[in-house]
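This is a walk through one structure, taken a piece at a time. Please keep the sequence and the coordinates open while reading.

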Amino acid sequence: MVSKTVSNVDDRQVLVHLGNRFVVFGSELKLPAALAFSPKDIPEVPARVPYEDEVPAKRLVHSIRVSGGAIKQFEHEGADIVFEDKDGTTVLVEAKVRERDLTRADYQRYEALFQDPQRRGLSQEVWNFNVERLHLEIAQYIQGRFEGTTSLRPLDVWEFNADGSTFHRSQVEERVDNWAARIQALYDQVTPWAEHAGLKTERTRKVLMSEELMQQFGVPDREMPVLDVLRSDQTVASFVPIGLWLIGANGRIDVVTLGGSYALIDRAKELNPPEWVVLGATRREFRPFDEVEFKRLVSPP
Amino acid sequence: MSKITETQRAYNAISELVRAEILKRGSNMQDLQRFRQALDVAFYLLGWAQFEHLTREEANERIDGMARGATINAGAWKFVQQNLKGYPLRKKLDVIFHGDAKTLGELNKDYDVRNDAAHNYSRLPSEAREISAWLAGLEALVDKF
């Protein structure tokens, strides 16, 4: 936790444009809190870029807006941003965009830099935008001495579509919720089929869902259940969720059996009732997944 | 038959071990999931490296042949031949597969996946995880050189 800091970082919300994504970072301690920024605050829909990591850092820095204080100047007095907090204290900010968090070596390097006599008397901060795991770490220095860091989480994330509409983090969350519900519904459907065949089921094991779109939109990783089908105490099949976002499908679960592995694909459109099919060995033909197909999969090889 | 076939056999054998481990009651699915992802990336990169080597050799041979020809384009091919080191892989794929737009498009996508995996340490996208079938497809392409 931060002690003796120049201002309470938890009071701030920071909007930044990371190439295609707009992210509002803020403190989870203040939730539920009204969002300080929304797509309406963006006067002009920016052109999309092919690769976010090719966007110049300077452009990113100039896109930053902060609530709970005011940005006075960009690129002044050797700092990227001159920020005035709500108590009127001036803070010099170094802004960095990285695919990692700050390290101990970084903290020490900035401490040495901020000991510079020209900057020493000022309050200084390093804002480290971790674009890989999407959070903003603010390291604070008083009189050139490192005081501590605070992590701000993405409170909202959105991108503009080509037609000016927005794609929000809530839509990614909705898809993940829908995927979890479809998995549960499939397992509920399979359980009586297993019982009809004299088999038991278990849902004690989990796999971690951590897809790229979730990371891009700051949606936390999620555990998804594995369904094990047992004959006596021997597992004869395991249903393992593989992924939601696939080209041409609305999710895939692998059915690992004693005789081989099979891909179970939902062919329905997103957020529609599922249409599960089993892909054949050549991956070109498929069969509807029903009780007959289930029995065939779990039969001894 | 190239080394890609041997790679596919090795992948199939190790996949079988992972499959047996998944079916072991009480095995840690999250560990197995991570191992599987690492295994898939490793074999994707190995398979692509073997394919890339064969592709470069094949493209170089074709460029040599065209540079020696008596056609009006031979001069241009000689220029390519002299600057072969700087001739990127995608262009070499073009030399071989220019008549098969579908295959060329798929290989360019595969190369993007390879680059993401090799340079950004990305996991493979879900649709690229059929490693055994993908390796068999590369072998089939190499057979047609």
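Two strands pair if DSSP finds at least two bridges between them. The model is a predicted one. Strand 17 (residues 260–266) and strand 18 (residues 276–279) of chain A are joined by three bridges and pair in the antiparallel sense.

The loop between strand 17 and strand 18 of chain A holds Glu275(A). Once neighbours within four places in sequence are set aside, Glu275(A) is in contact with Asp266(A), Arg267(A) and Ala268(A). As for Arg169(A), which lies 106 residues from Glu275(A) along the chain, the two C-alpha atoms are separated by 26 Å.

Seven strands of chain A form an open sheet in the order 11-14-15-16-17-18-19, and the pairing is antiparallel. At its edges are strand 11 (200–202) and strand 19 (286–288) of chain A, each of which pairs on one side only. From one strand to the next, the twist averages 25 degrees. Strands of a sheet pair through backbone hydrogen bonds, in either the parallel or the antiparallel sense.

Strand 11 and strand 14 of chain A pair in the antiparallel sense, with three bridges. Within that pairing, Val229(A) in strand 14 is the bridge partner of Thr201(A). Strand 14 (residues 227–231) of chain A in turn runs antiparallel to strand 15 of chain A, and five bridges join them. Here Leu230(A) stands opposite Thr235(A) in strand 15 of chain A. Strands 14 and 15 of chain A form a hairpin with two residues between them, and in the turn Ser232(A) has a positive phi of about 55 degrees.

Strand 15 of chain A then pairs with strand 16 (residues 252–257) of chain A, in the antiparallel sense and over six bridges. How covered is strand 15 of chain A? Strand 15, residues 234–243, is mostly covered, with seven of its ten residues buried.

In chain B, two helix pairs can be examined. Helix 1 (residues 3–22) and helix 6 (residues 131–143) of chain B pack at an angle of about 170 degrees, and their axes are 9 Å apart. Angles over 145 degrees count as roughly antiparallel, and helix 1 and helix 6 of chain B are therefore roughly antiparallel to each other. Residues in this contact include Ile4(B), Gln8(B) and Tyr11(B) of helix 1 and Leu135(B), Glu139(B) and Val142(B) of helix 6 of chain B. The residues of the contact divide into seven nonpolar, six polar and one charged.

The second pair is helix 2 (residues 29–68) and helix 3 (residues 74–82) of chain B, which pack at an angle of about 140 degrees with their axes 7 Å apart. That angle makes helix 2 of chain B oblique to helix 3 of chain B. Helix 2 of chain B passes helix 3 of chain B in a left-handed crossing. Helix 2 of chain B makes the contact through Ile63(B), Asp64(B), Met66(B) and Ala67(B), while the residues from helix 3 of chain B include Trp77(B) and Val80(B). The contact of helix 2 with helix 3 of chain B divides into six nonpolar, one polar and two charged residues.

Note on methods. Residues are numbered from 1 along each chain as its sequence is written. Chains are lettered from A and ligands numbered from 1 in the order in which they are written. This is a predicted model: local features need pLDDT of at least 70, side-chain atom pairs count only at pLDDT 80 or more; totals for chains, interfaces and linings use all residues. A residue is buried if 20 or more other C-beta atoms lie within 10 Å of its own, exposed if 12 or fewer, and partly exposed in between; C-beta atoms are placed from the backbone. Helices (H or I, at least four residues) and strands (E, at least two) are DSSP runs, numbered from the N terminus. Axes are lines fitted to C-alpha atoms, for helices over the stretch in contact, and angles run from 0 to 180 degrees between N-to-C directions. Angles under 35 degrees count as roughly parallel, over 145 as roughly antiparallel, 65 to 115 as roughly perpendicular and the rest as oblique. A crossing is left-handed if the near helix is turned anticlockwise from the far one by less than a right angle, and right-handed if clockwise. Two residues are in contact if their C-beta atoms, placed from the backbone, lie within 7 Å. Ala, Val, Leu, Ile, Met, Phe, Trp, Tyr, Cys and Pro count as nonpolar, Asp, Glu, Lys and Arg as charged, and the others, Gly among them, as polar.
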